[in-house]
Amino acid sequence: MPDTSAPELQQIDRGTRRMGYWFLAYLLLYPLPWLGHAPGTAALLASAAGVAVFLPLYLAGFGRSDRRALGCGAGVAAVGLALEPFGGVWGVFIVFACGLLGGVLPRRRAAAALAALAVVLAALVLWRGIGPWHWLPSVFFGAMTAVVSMYSAAFAVQSAELAASRDEARRLAVVAERERIARDLHDLLGHTLTAIAVKADLAGRVAETEPLRARAEVEDIRRIARAALADVRATLTDLRATTLASELAAARSALGSAGVELDAVLPALPLPAAVETALAFVLREGVTNVVRHAHARRCRVQLACADGVVTLSVEDTARDAAVAVPVTPAEGQGLAGLRQRLRAVGGELSLNCAPQGATLLARVPLADGGGA
């Protein structure tokens with residue numbers, strides 16, 4: 001059950017409020033019997049007092065669905081019942097009361113209030129011996145008005161729920177886009193900054209002994225930085241894509257600067273673009289981790305496809321036992337982002353660690369189930 005205290009369920013818009021003023025025209029039915037015989041002074045005074053009480057009650061309760069509408073509806077019904085002995089069409093107030101009570105939420109509360117009004121009305125008819133032509137029209141039009149009010153209240157609830165779901169969908173879309181940008185920037189800048197740092201360290205070490213090599217490393221840093229700037233701009237507009245071939249070239253450069261030997265087996269497989277992009281990011285993150293954390297002497301990258309499943313593994317071998325990788329390393333944001341990327345294409349990621357090295361393995365089933 002929606003929250004009936006929500007503003008959209010408690011206060012109607014201005015257009016509906018103006019409609020409530022138009023409904024007051026039905027009050028002109030009240031003095032119709034006086035066209036045949038003039039009312040007495042008591043009837044005029046009682047009727048004027050009844051209308052004076054009715055107007056604020058009706059305007060305060062119209063368009064609401066809370067306890068105020070319930071109280072106002074009961075008050076309007078009491079006005080109609082009190083004016084019955086004075087000769088006017090008192091049933092018009094019963095119709096107004098049914099309209100107010102029918103809009104009360106939850107619906108069971110409205111049904112209980114309408115049932116109580118029906119019981120009181122029946123008791124008055126039996127007690128006063130009122131003829132059917134004096135109460136049947138009021139019952140008929142009151143029932144119609146109550147049904148319309150109940151369905152209007154239900155429609156208001158559905159509209160409020162729909163508006164809330166749209167707001168939630170927009171909020172989730174914003175959150176998903178932020179997560180995408182954060183994931184892309186992490187995957188991009190983590191690798192790029194690692195490569196720049198490694199190349200800058202190398203250029204600093206060989207600046208005096210091998211100036212030509214140092215100059216080449218500085219040129220590589222400049223190229224990588226410019227490419228990273230272009231990738232950042234493309235990431236923010238969701239236009240960036242990458243391939244295994246381009247990531248392999250970047251990996252070869254980064255690993256070479258770090259003194260890590262690369263052994264790559266990447267056959268040219270016709271992979272779907274989304275799958276290749278996800279695997280390219282796996283290659284990027286795996287190589288980045290090798291350069292940052294593994295202290296490896298060799299990195300092996302292998303791409304294969306069998307039984308409709310394409311696999312990519314990035315394996316490193318530690319230099320010696322003193323700097324071996326931990327058996328149970330903590331997974332950071334990079335691996336979490338990779339898992340999200342692979343889940344988007346139906347794949348999965350695993351990280352197997354041993355004292356001598358670690359293996360990052362990605363598996364993605366192909367849509368057609370066949371070999372690539």
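**View 1. Arg222 and Glu219 form a salt bridge between their side chains.** The N to O distance is 2.6 Å in this predicted model. A salt bridge here is a side-chain nitrogen of Lys or Arg within 4 Å of a carboxyl oxygen of Asp or Glu. Both residues belong to helix α8 (residues 211-236). Helices (H or I, at least four residues) are DSSP runs, numbered from the N terminus. Arg222 and Glu219 sit 3 residues apart, about one helical turn. Arg222 is partly exposed, at 35% relative accessible area. Glu219 is also partly exposed, at 42%. Buried means under 20% relative accessible area, exposed over 50%, and partly exposed in between (1.4 Å probe, protein chains only).

**View 2. Lys199, Glu217, Asp220 and Arg223 form one network.** Salt bridges with shared partners join these residues. The structure holds 12 salt bridges.

**View 3. Glu168 pairs with Arg171 in helix α7 (residues 132-206).** Their side chains meet in a salt bridge at 2.7 Å, N to O. The spacing is 3 residues, about one turn of the helix. Glu168 is partly exposed at 35%. Arg171 is partly exposed at 43%.

**View 4. Arg64 and Asp66 meet in a salt bridge.** The N to O distance between the side chains is 3.0 Å. Arg64 counts as buried, with 14% relative accessibility.

**Notes.** Residues are numbered from 1 along each chain as its sequence is written, and side-chain values use heavy atoms, without hydrogens or water. The model is predicted: local features need pLDDT of at least 70, side-chain atom pairs count only at pLDDT 80 or more, and totals for chains, interfaces and linings use all residues.

Terms used. Helix = DSSP H or I, 4+ residues; strand = E, 2+ residues; numbered from the N terminus.
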